[in-house]
Amino acid sequence: MHPENSTLAFSQFAAAARNNWILEPQLEYNKTMGKSKWQILLGATFQNRNYSSTSIQASGYTTDLLLYSMNAAAAITASNNRETYRYNAVFARINYNLQRKYIVNLSARRDGSSRFGPGNRFANFAAAGLAWIFSEESFVKNNISFLSFGKLRASYGITGNDQIGDYRFLNLWSSTTNPYQSIPGLRPSSLFNPFLEWEKNKKQNWQSNWASSITG
């Protein structure tokens, strides 16, 4: 390769720091009253995550011996990034079992995320489920001897999602790659969106399970 067409050496220096903690206290209560059994769970989640990074690219080195020195570079390009994410939630779940045949599950939660604006930061979610273990009924045990287990279950619930990235609801700006008269500038990278809110998925499920045992 001709010397005047060769690319000069460059170096890249980078550093990143990440700090994350999560706290999930829970309280569970179990009670049996006659043929009824109650299971109640109360809980909460508190999460905080911080991330910061710095990247410096130094170019225009005349010799590879100076690649570790930024002072010897002809040009330096730097960028930095800092992100903070906070998530809080409280939830409750109730399970009721009657005679080991009829089961009711109820759950509710309230979630909050820093990824949405103040007006849409919190959202409510709930779910309900019913189950019938019909193999425990006397008319099944007395007439269908080959059936060892049978269950019908139905459920309906709403779940949420905040996996959209940080600060998406804000006006965001980034530095320009081509300065004007050696003066760097800013350009918009996203526009303010006050309607950005939790994603909600509605799910329903109908299910049957059974098992048979045949003895000779």
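1. Let's start with tryptophan 38: in this predicted model, its relative accessibility is 30%, so tryptophan 38 counts as partly exposed. Tyrosine 96 is also classed as partly exposed, because its value is 21% and the buried class ends under 20%.

2. There are four aromatic pairs by the rule used here. In one of them, the ring centres of tryptophan 38 and tyrosine 96 are 4.6 Å apart and the planes meet at 45°, so this pair is tilted. Tryptophan 38 belongs to strand 3 (residues 36-61) and tyrosine 96 to strand 4, so to speak a link between distant parts of the chain, 58 residues apart.

3. Another spot to look at is the aromatic cluster made by Phe116, Phe125 and Trp198. Phenylalanine 125 also has the charged end of lysine 200 over its ring, 5.9 Å from the centre. Elsewhere, arginine 115 lies over the face of tyrosine 85, with 4.0 Å to the ring centre.

4. The largest pocket holds about 210 Å³ of space. Its lining has 17 residues, and Ser107, Arg109, Ala126, Ala127 and Ile158 are the closest to the centre. Strand 7 contributes the most, five residues. By class, the lining has eight nonpolar, six polar and three charged residues.

5. For the second largest pocket, the volume is about 180 Å³. Its lining includes Thr77, Ala78, Ser79 and Pro184, and strand 4 supplies the largest share, three residues. Here the classes are three nonpolar, six polar and no charged residues.

Technical notes. Residues numbered from 1 in each chain as written. Predicted model: local features only at pLDDT ≥ 70, side-chain atom pairs only at ≥ 80, totals over all residues. Heavy atoms only, no water. 1 Å grid on protein atoms, 1.4 Å probe; cavity = no way out; pocket = protein on both sides within 12 Å on 5 of 7 lines; lining within 4 Å. Points joined across faces, edges and corners; volume = space filled by probe spheres on them. Helix = DSSP H or I, 4+ residues; strand = E, 2+ residues; numbered from the N terminus. Nonpolar A, V, L, I, M, F, W, Y, C, P; charged D, E, K, R; others polar. Phe/Tyr/Trp six-rings, centres within 6.5 Å; stacked < 30°, edge-to-face > 60°. Buried < 20%, exposed > 50% of the residue type's maximum accessible area, 1.4 Å probe, protein only. Lys NZ or Arg CZ within 6 Å of the ring centre and 35° of its normal.
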